[in-house]
Amino acid sequence: MDTRPVIIMVGWNNDWLHHLDGWLPDGSVVVFEERDLYEGKRLADLPPHPVVREVVLTSYHQSDAYRDAADQVAKTAPVQAVLPALEYSVEAAADLAERFGLPGAGRRAAAALRDKLLLRETTSAAGIPNPRFAEVSSAAELAAFAEGGPCVLKPANRQASLGVLLLDAGDDLGAAWAECTQVEEGVHLANRPMTWRYLAEERLSGTEYSAEALVRDGRIVFHNVTLKRTHPGRHPVELGHLVPAPAAQGVDLLPGLMQNLVDATGYSGGLLHAEWIVTERGPVLIECAGRLAGDWIPDLIRLSSDVNLFREALSLLCGVGEDPVPVDRGGAAVRFIMPHDAGEIAAIDGVEEAAALPGIQQVRLVRRVGETLGGVESSWSRVGAVIAAGESPADAEKNARSAVDQISISLRTAVAIPA
């Protein structure tokens with residue numbers, strides 16, 4: 001029996017495992033995953049990760065079955081850290097960290113971070129700017145909130161921009177309600193009854209940013225601000241990101257507001273990824289996740305500052321390590337390959353040509369020929385991403401755009417132009 005200390009990763013995340021392979025000793029990680037996700041994503045068919053000791057099939061999303069599974073792991077090996085690897089695993093990971101006396105978000109903070117309504121209530125009470133909001137449970141309540149004007153409708157406790165709708169005056173709110181509440185996640189959601197809540201919000205105008213923070217004992221020890229590029233249509237899916245965000249009015253307030261958010265929620269330790277919109281009246285909180293940022297933002301941070309958030313966060317959750325010291329290495333950008341139309345992918349061309357362009361670090365494809373796209377609906381509408389570096393953020397973004405322009409996606413129902 002292997003009795004070496006282990007790290008429990010709640011939720012399978014290939015990016016995390018890729019970064020831990022070769023850094024941690026082989027067999028250091030026990031992964032908890034929902035059976036439906038493990039089988040639906042065909043995770044057993046992926047190339048093995050040496051760092052993984054075992055995959056434990058248990059329920060963690062809106063379930064506490066993971067507790068018994070963790071107790072069984074702890075009987076055979078000391079648990080060194082608990083890592084929230086997916087959005088739906090944040091609460092379970094925080095709960096386990098507290099149960100084992102390890103650094104983590106804390107149950108109260110994790111609950112707020114997983115429910116946008118609770119986060120709105122908690123941060124508004126602390127004086128952090130939020131849009132006007134209300135919980136809604138029907139199209140009629142949505143209409144009462146909107147009063148004939150524009151608004152935002154979103155699930156309070158889902159992921160990946162799923163079901164988020166930007167509504168204009170005169171839109172069919174009944175159809176919008178049906179679209180938001182009936183959205184499907186496929187292999188990304190366990191196949192059992194779940195409880196969802198919904199909220200309506202004031203629709204704001206401004207520039208969107210995300211703020212990433214590494215928190216130790218309630219104190220931010222590293223922060224980053226990312227400029228977001230979002231789809232202009234009904235579904236505000238991100239088209240790309242730029243690190244570091246160029247200086248602009250209101251952006252300098254985000255680090256202080258992030259510390260206020262940490263204080264308001266009681267967040268103890270780990271990573272935060274918050275989304276903000278800088279309006280005429282200043283920054284306003286959109287939402288905040290208690291996990292590592294997605295969309296390759298950690299890659300951009302490493303390229304632009306030499307800070308490896310994967311390693312820094314895990315060291316912190318293990319209770320070791322020093323505060324990171326960033327180094328200015330220019331700028332970095334990601335631009336997503338995302339056709340506007342729906343259809344079956346017939347061909348993906350120009351990838352090699354894009355990868356050979358100046359500044360291009362990676363061209364990653366997450367979809368394959370033969371898969372079906374539904375148009376721009378959520379983060380899963382993407383075919384891939386181009387990651388670029390440059391002497392400045394603007395230079396990096398220019399390089400990323402040039403590479404995306406080289407890639408074309410042919411659909412059997414249409415030929416789409418990449419965003």
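1. Basis of the note. Because the model is predicted, local features need pLDDT of at least 70 and side-chain atom pairs count only at pLDDT 80 or more, while totals for chains, interfaces and linings use all residues. Residues are numbered from 1 along each chain as its sequence is written, and side-chain values use heavy atoms, with hydrogens and water left out.

2. The sheet. Strands of a sheet pair through backbone hydrogen bonds, either parallel or antiparallel. Here, an open sheet of 4 strands is arranged in the order β3-β2-β1-β4, with parallel pairing. β3 (52-57) and β4 (79-84) each have a single partner strand, so one side of each has no neighbour in the sheet. From one strand to the next, the twist averages 20°. Helices (H or I, at least four residues) and strands (E, at least two) are DSSP runs, numbered from the N terminus; two strands pair if DSSP finds at least two bridges between them.

3. Strand β1 and its partners. Strand β1 (residues 6-10) runs parallel to β4 and is joined to it by 5 bridges; Met9 has Leu83 of β4 as its bridge partner. β1 also pairs with β2 in the parallel sense, over 4 bridges, and Ile8 has Val30 of β2 as its bridge partner.

4. Burial of β2. Is β2 mostly covered or mostly uncovered? It is mostly covered, with 5 of its 5 residues buried, where buried means under 20% relative accessible area, exposed over 50% and partly exposed in between (1.4 Å probe, protein chains only). Val29, Val31 and Glu33 lie on one side, Val30 and Phe32 on the other.

5. Helices across the sheet. Helix α4 (residues 90-99) lies across β1, β2 (29-33) and β4, at about 160° to β4. Helix α11 (residues 309-317) lies across β1 and β4, at about 130° to β4. Axes are lines fitted to C-alpha atoms, for helices over the stretch in contact, and angles run from 0 to 180 degrees between N-to-C directions. In α4, 7 of the 10 residues are buried, among them Asp95 and Leu96. Their cover includes β1, β2, α3 (66-76), β4 and α5 (107-113); contact means heavy atoms within 4.5 Å.

6. Nonpolar cores. In soluble globular proteins, nonpolar side chains tend to be buried together. A nonpolar core is a set of buried Ala, Val, Leu, Ile, Met, Phe, Trp, Tyr and Cys residues joined through side-chain atoms within 4.5 Å. The largest has 48 residues, and those with the most contacts inside it include Tyr209, Tyr267 and Trp276. Helix α9 (residues 254-265) gives this core its largest share, 6 residues. A second, separate core of 43 residues includes Val31, Ile297, Leu314 and Phe336.

7. Aromatic rings. The whole structure holds 4 aromatic pairs. Rings of Phe, Tyr and Trp (its six-membered ring) pair if their centres lie within 6.5 Å; planes under 30 degrees apart count as stacked, over 60 as edge-to-face and the rest as tilted. Trp296 and Phe336 form a tilted pair, because their centres are 5.8 Å apart and their planes stand at 40°. Both residues, Trp296 and Phe336, are buried.

8. A charge over a ring. The charged end of Arg382 sits over the ring of Phe336, 3.7 Å from its centre. The criterion is NZ of Lys or CZ of Arg within 6 Å of the ring centre and within 35 degrees of the ring normal.
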